[in-house]
Amino acid sequence: MPSAKRAGPALGRRSPAPVVLHSAPLVVPVCTVPIRDGAVAIRGERVLAVGPRAELLPSYPSAEELRWPGMIVAGLVDACSAVPSDAPGVTARGGVLSDLTDCSALRISYVEVISAGEEEWEEHDRDAVITAIREVDRPCVVGIAAHARDPQVLEDVAVLARTFGLRLLVRLDRHSPVELDEAGVLGPLCHVASGRSLDPGERKLLRLRRTVVALCPPEPSQAQDALALLEEGNTVAFGSRGPAGAPPTGPLGLAGAIRRHARELRPRPRELDRRLVEAATLGGARALGMDRGRGRIGSLAAGTRADFAVFDARGRYPYAALLSQPPCLATVVGGVLTRGA
C-alpha cells in the first residue's frame, strides 16, 4: 500500500500568518498576576499564549522572537477619547466622531444625539441617527452618545440602543444618574463619563446598574471621589476628554495623578496600584463592552486581540513602576507593531 503523503496547500488558500514571540523581563497580562521573564505569542491579530518565556520558546520553535527591555502590558483603553489623542500605550479608544466615515482611530465610534427637544428628534434627528448607524463601514463598532437634555429624547434613545444592540455613552455634566436611570439609559450596555464628584447615592446607583464610570480629567479635589469609587466596588475606567481647552490626559496620566493624591492619605487604599492599572486597561474594555469572548481587549490571554504596549519600566513592584509613567517603547495593535508610540 502506498504511504500517505502530506497534502500541499489548497489552491486559493492563504498560508497561516507566522508566529511572533514578544518577550520581556516582565509581562503584565492584567487578568492574571505579572509574569517574570514572560512572553506573548501572537499570530496575526490574535494572542496564542501568554506565559513564562522558557515554556513558550519550545512550544513555538519556529517563531520569530522580539526581545524587549522593561515590561509588556495589556494595551491601555481610553473609554472617552479626545480625538485625536496620542497618549502613550493606548491601543483602543471610544469617542464621538463628527465624521463617521473615518472611524479608524476608534474601536467604538459614537453617534452624537443633541436634539433640543422631542419634536426635533422625531421629525429629523432620529432618522438621521439610524441612517448614520447603518452606513458606518464595518468592522467599526457603533454606539450612541446620548447628549440630549430632553428626558423624552433620552428614553427613545435608550429604546433605540437596545433595539440595535448598541453601546450608550452619557456625560454626567449634563444629567444626574437618577435622571438617566428614570429614562432607562443606565445599565451594563452604558458607561458614563464623569469629571465631577459623585455623592454616595449616585455611586451606589451606578454600581447597582452595573454601569462603568469613566473618569475624565477631574479637578484635583475629585481624586478622593475616584478612590471612593474603587473602594466601594464600582467598575472604573479612564477617558481623556476633559473640559473644553484642557489638554488631553491619557489613562496612565489620570491613574498616576490619583495615586499621587492617595499617597497623602492614611491608610492607603488596599492594592490601589493594581486596581488603577486594571481601570486603565480592563476597566476601559468593560466600558466599551469588549472585555469578553474572542478578540477581547484590556487583558492578555489566549484568544484576546493582540493589543499591548511595551514600557521601559523596571522594578520590584510592576504596577507602581507602570504608574510612574515610564517611556513607551512600542505598541502592538491587532498584531501590528509601531515603535515609540
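How many of the five residues of β11 are buried? Five of the five, so the strand is largely enclosed by the rest of the structure. Buried here means under 20% relative accessible area, exposed means over 50%, and partly exposed is in between, with a 1.4 Å probe and protein chains only. C190, V192 and S194 point one way from β11, while H191 and A193 point the other way. C190 has a relative accessible area of 1%.

β11 pairs with strand β10 (residues 167–171) in the parallel sense, over four bridges. In that pairing, R171 is opposite A193. Two strands count as paired if DSSP finds at least two bridges between them.

## What kind of model this is

This is a predicted model, so local features need pLDDT of at least 70 and side-chain atom pairs count only at pLDDT 80 or more, while totals for chains, interfaces and linings use all residues. Residues are numbered from 1 along each chain as its sequence is written, and side-chain values use heavy atoms, with hydrogens and water left out.

The protein chain comes to nine helices and 16 strands. Both are DSSP runs numbered from the N terminus: helices are H or I with at least four residues, strands are E with at least two. Of the 341 residues in the chain, 52% are buried. Among contacts between residues at least 6 apart in sequence, 58% join residues at least 24 apart; contact means heavy atoms within 4.5 Å.

## Two nonpolar cores

A nonpolar core is a set of buried Ala, Val, Leu, Ile, Met, Phe, Trp, Tyr and Cys residues joined through side-chain atoms within 4.5 Å. The largest one has 81 residues, and I72, I144, V185, V192, F238 and F311 touch the most other members. There is also a second, separate core of 14 residues, which includes A92, L169, A193 and C216.

Leaving out residues up to four places away in sequence, V192 touches V170, L172, L180, L186, L206, T211, V212, V213 and A214.

Helix α5 (residues 200–208) has E202, R203, L205 and L206 buried. They cover an arc of only 160° around the axis, which puts them on the same side of α5; the arc is that of the directions from the helix axis to the C-beta atoms. P200 and L208 are exposed on the other side. The cover over the buried residues of α5 includes α4 (177–182), β11 (190–194), β12 (212–215) and α6 (223–232).

Apart from neighbours within four places in sequence, L198 is in contact with L172, R203, L206, V213, D225 and L229. The C-alpha atoms of L198 and A226 are 9.0 Å apart, although 28 residues separate them along the chain.

## Helix α7

α7 (residues 251–262) has 12 residues, which at 1.5 Å a residue should span 16 Å; the end C-alpha atoms are 17 Å apart, which agrees. The expected span is 1.5 Å times one less than the number of residues. Nine of the 12 residues are buried, so α7 is largely enclosed by the rest of the structure. Among those buried are P251, L252, I258 and R259.

## β5 and its partners

Strand β5 (residues 71–74) runs parallel to β1 (residues 19–28), joined by three bridges, with V73 as the bridge partner of V28. β5 also runs antiparallel to β14 (residues 308–311), this time with four bridges, and M71 stands opposite F311 there.

For C80, the nearest cysteine sulfur is that of C216, 4.2 Å away. C80 is buried, at 5% relative accessibility.

Two residues other than glycine have a positive phi worth checking. V30 has a phi of about 80° and lies in the loop between β1 and β2 (35–43), where V30 is buried at 7% relative accessibility. Q325 has a phi near 60° and is in the loop between α9 (318–323) and β15 (328–333); Q325 is partly exposed, with a relative accessible area of 40%.

Definitions and conventions
A disulfide is a pair of cysteine sulfur atoms within 2.5 Å.
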